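I opened the model to look up its fold, its core and its side-chain pairs.

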Amino acid sequence: MKILTYGEIMDGGASVFHSVAKVDGERLFVTFEGVIRIDNPYRFLEPYLQELDKTLPEQPVSGSVIDFAQLRFCNSNGFY
């Protein structure tokens, strides 16, 4: 298993949630854990997603799993 990037998303100096993107074989696993309760999560995720955008094309990925099971709360401004 190879970790591509790790994102600790902060809001007001406090950790809001974190995400890990890793490759195992030919599968990409992206996990989210914590509480998403911020007005604009994309603002906080942008650097993390840009890093993933740089590293992912070099990986032999043929499938993906995105796991939101460990999120304790997600307001209406969550993920689209």
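The entries below go from the model as a whole to single residues.

**Entry 1: ground rules.** I worked from a predicted model, in which local features need pLDDT of at least 70 and side-chain atom pairs count only at pLDDT 80 or more, while totals for chains, interfaces and linings use all residues. Residues are numbered from 1 along each chain as its sequence is written, and side-chain values use heavy atoms, with hydrogens and water left out.

**Entry 2: confidence.** I looked up pLDDT, the predictor's confidence in each residue on a scale from 0 to 100. The mean for the protein is 78, and 70% of its residues reach 70 or more. Strand 1 has the lowest confidence, with a mean of 76, and strand 3 the highest, at 85.

**Entry 3: fold.** I took helices (H or I, at least four residues) and strands (E, at least two) as DSSP runs numbered from the N terminus. I found one helix and four strands, in the sequence order β-β-β-α-β. For contacts I used heavy atoms within 4.5 Å. Among contacts with a separation of 6 or more, 55% join residues 24 or more positions apart.

**Entry 4: surface.** Accessible areas come from the Shrake-Rupley method with a 1.4 Å probe, and for residues only the protein chains shown count as cover. The total is about 5200 Å², with 50% belonging to carbon and sulfur atoms. I call a residue buried under 20% relative accessible area, exposed over 50% and partly exposed in between (1.4 Å probe, protein chains only). By that rule, 32% of the 80 residues are buried.

**Entry 5: core.** Which residues make up the largest nonpolar core? A nonpolar core is a set of buried Ala, Val, Leu, Ile, Met, Phe, Trp, Tyr and Cys residues joined through side-chain atoms within 4.5 Å. I listed 12 residues in all: L4, I9, F17, A21, V23, L28, V30, F32, L45, Y48, L52 and L71. Two or more of them come from each of strand 1 (2-11), strand 2 (14-24), strand 3 (27-36) and helix 1 (41-55). In soluble globular proteins, nonpolar side chains tend to be buried together.

Leaving out residues up to four places away in sequence, Y48 touches T5, Y6, G7, S19, V20, A21 and V30. L71 lies in strand 4 and counts as buried, at 16% relative accessibility. Its C-alpha is 8.0 Å from that of F17, although L71 and F17 are 54 residues apart in sequence.

**Entry 6: aromatic pair.** Rings of Phe, Tyr and Trp (its six-membered ring) pair if their centres lie within 6.5 Å; planes under 30 degrees apart count as stacked, over 60 as edge-to-face and the rest as tilted. I found one such pair. The ring centres of F32 and F68 are 5.1 Å apart and their planes are at 5 degrees, so the pair is stacked. F32 lies in strand 3 and F68 in strand 4 (residues 63-74), so the pair ties together parts 36 residues apart in sequence. From C-alpha to C-alpha, F32 and F68 are 5.3 Å apart. F32 is buried, at 8% relative accessibility, whereas F68 is partly exposed, at 37%.

**Entry 7: salt bridge.** I counted a side-chain nitrogen of Lys or Arg within 4 Å of a carboxyl oxygen of Asp or Glu. The structure holds one salt bridge. K54 forms it with E51, and the closest N and O atoms are 3.8 Å apart. K54 and E51 are three residues apart in helix 1, so about one helical turn separates them. K54 is exposed, at 56% relative accessibility, and E51 is partly exposed, at 30%.
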